[in-house]
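Please look at the sequence and the model shown here.

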Amino acid sequence: MFQTLRAKLLIFFLLVTFIPLSVVGVMGYYAQKSELTNNLEQSLSTHTTNMAQEIEMFIRERLYDVNYLSRNPIIMEEQEDIQQIRQQFNEFLAIHDIYFGVVLADTDGTVIADTDDNIAGNDVTDRAWFNHSMKGDPFISDIYRSSIINDPIIVLSAPVFNYEDEVIGVITPLFDLDELDQTLETFTRTQPIGDAQGYAFLVNGDGEVISHPDSSKVLEINYMERFSTSQDELDELAENKSLTSYDGEEEVHAFSKINQVPGFENDWYIGVAVDKSEMYAPLTRLLYQYLIVFGVVLLIMTIAVFRLSRYIVRPVEQLVDTTTNVAFGKRAEPKYVNAYEEINRLNNTFDEMTQKLEEREKGHKKSSLILETTDNGVFAINRITKEVTLFNKRCEEIFGIKREHIIGQKATEMSASSTAFSNLIESGNLIEMLSKDEVRQTYEVECTINETPHFFYLSITSLPSISKENVHEEMLVVIHDLTEKRLMERELVRSEKLKVVGQMAAGLAHEIRNPLTTIRGFIQLFDNKEESSKKRYYDLIINEIDRVNIILTDLMNIANPKTSEVLKETNLELLLDDLLLLYQSQARKNGIEVHTYFHGRLPTVCLDANKIQQVFLNLVQNAVEAMENGGRLTVSTSYQKQEEEIVISFSDTGTGMDENTLGKLSTPFYTTKETGTGLGLTTSYRIIEEMDGQISVTSKHGVGTTFTIRLPAEQGQAILTKK
């Protein structure tokens, strides 16, 4: 039993403190009685002064409110509609809930507007507040009993000026007098006088009690008559901050006069009454507390702490050292001192806790390492707050944003921080998933990141709370990036299609061209022998046969773009400049402006100039035909040194293309032109592909289209190597 620290300290302090505490307590009470009494009385006086300032602030706020309302621009407008004025009244009441109504009277004393519209038209010329405010000053009346409602009221009013500083009326907001009583009660409750719970009341210059916690005494009792005092005595008490009590009364009263301000010229006194027995009851208790804190701490505890310090502190210090080593990662064997039972139990518990923390830390590090090194993006969203709570390194790479900029933000408001992440949230309908109690789904989505389509395979799982496993607070999303795989699949499909089309085109062109040549020859022969009246039919047939030959030539180009390939050093910018010169007259005729932004120092490339020129011709011709009503064609070049590639772009301000057209651009025989073959872009794609380049296109319907060609700078070496 006596091995516990609590038992040892209890017996020690009982023996050491009982006798000195009794003697010092009695002696200290008489020594400190006068000082404590002065402190309590000073506290009551200070409390009364502060309450007077609170009432003065209350009055100033009411004057500010009525002046603010009287300066409303709509109310100052003499010809303003009454409904507009009443709307301003209602907005004022909505902001200042202390008021329950507003009345506006014109200079003739007639009420022209009020919030309830039940006293409009009444005459108020006989009211003191109206006559006082008509002189141009705000006004707060004394508290008096209304003959109409038979309750105490106070009237607040202010003149309304127009923009020429002429009085055009008087406005008075109506407020509940209970707010004044509530102010007194709240201040008294929150600012107690020691342990005493007093109450506050208001007395006017005539001695009438105008505010009191007991409403039956308001305007029913005259303070001066009841206690045989005068206003001069109240002024003296307020000025000297002294207390008073009356024969036969068990209360102590303190007074403070409320300062007058412009618009408030009443003599009001705030009084605070405290029961004598409650006010002076803390003397003995406060004295004992004083003596305990200072006497016992200085005299007894000095010896006690000295004797106990080594016994108590030594094992605690060693436990602190062990804790510090663990906190800084030092795993040295702990050394403990066998002391009392509590410290021994604490040491054993600390050892067990340390082992569990080490195991948990290892598991946490392993989980964090897996999370940060995985190729999959992982993030989590709180289902209740919709805030992002987890965002791993792979997510930073995918969406191009640091985790500190996104964690803690709402997933529904991510467009400003990360458009890419917001697009994924929208494409995957993740916000809708948050409303489900338990989610476990996997599906593939497509979304746009930096104007480039990306494909993700999402695995969505709801996470249970750490404290409550049956409550799913978060939703975990694992992202597997399939973009490269899907693009390769699309490119493979497109290449296979072109290969099949090329094979078909080669066979078809070969089979059709021979009979066409025979037919054309005989038609020409018939043309020389037949009469001239049929000549135009022969010409039409020959033109159509020539058109079929053109289509067959395009088909042959698709089938074998390497035919008669002649590689030579080519300056692409000079080639573009010569090409645009050919289109200059046609562009001017169609109202098209041509702008060029050339890099100026592009490396020369070794390639078939005729074929790359054919690609440029197709793109420029398509851009010109897309701008039937004029526009702007922008041709630019650049060199990406890091990627070692040349970039050429053709941008027009034509009609643009929709999503359906963009998806079929490289499809053979697909065209939106009336006379097109649908083989120009197919051939261009095939030529650039054979040059190890790429063509990409962006377009917006009604805005324009941009074709971008990317060619490796070492073009000639790549082609020769393939050969």
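In what order do the five strands of the open sheet with antiparallel pairing lie? In this predicted model, the order is β2-β1-β7-β6-β3. The edges are formed by β2 (111-114) and β3 (139-140), each of which pairs on one side only. Helix α3, residues 82-95, packs on this sheet and touches β1 (99-106), β2 and β7 (167-175). The direction of α3 makes about 150° with that of β1.

I140 has L156 in β6 as its bridge partner.

The other sheet has mixed pairing. It is open as well, and its five strands run in the order β19-β21-β22-β24-β23. Here β19 (592-597) and β23 (694-700) are the edge strands, each pairing on one side only. On average, and with direction ignored, neighbouring strands of this sheet are turned by 10° against each other.

One of the residues involved is S636, whose bridge partner in β22 is S649. Helix α18, residues 609-626, packs on the sheet. The strands touched by α18 are β19, β21, β22 and β24 (704-712), and the helix direction makes about 170° with that of β24.

In general, strands of a sheet pair through backbone hydrogen bonds, in either a parallel or an antiparallel way.

Definitions and conventions: Residues are numbered from 1 along each chain as its sequence is written. This is a predicted model: local features need pLDDT of at least 70, side-chain atom pairs count only at pLDDT 80 or more; totals for chains, interfaces and linings use all residues. Side-chain values use heavy atoms; hydrogens and water are left out. Two strands pair if DSSP finds at least two bridges between them. Helices (H or I, at least four residues) and strands (E, at least two) are DSSP runs, numbered from the N terminus. Axes are lines fitted to C-alpha atoms, for helices over the stretch in contact, and angles run from 0 to 180 degrees between N-to-C directions. Contact means heavy atoms within 4.5 Å.
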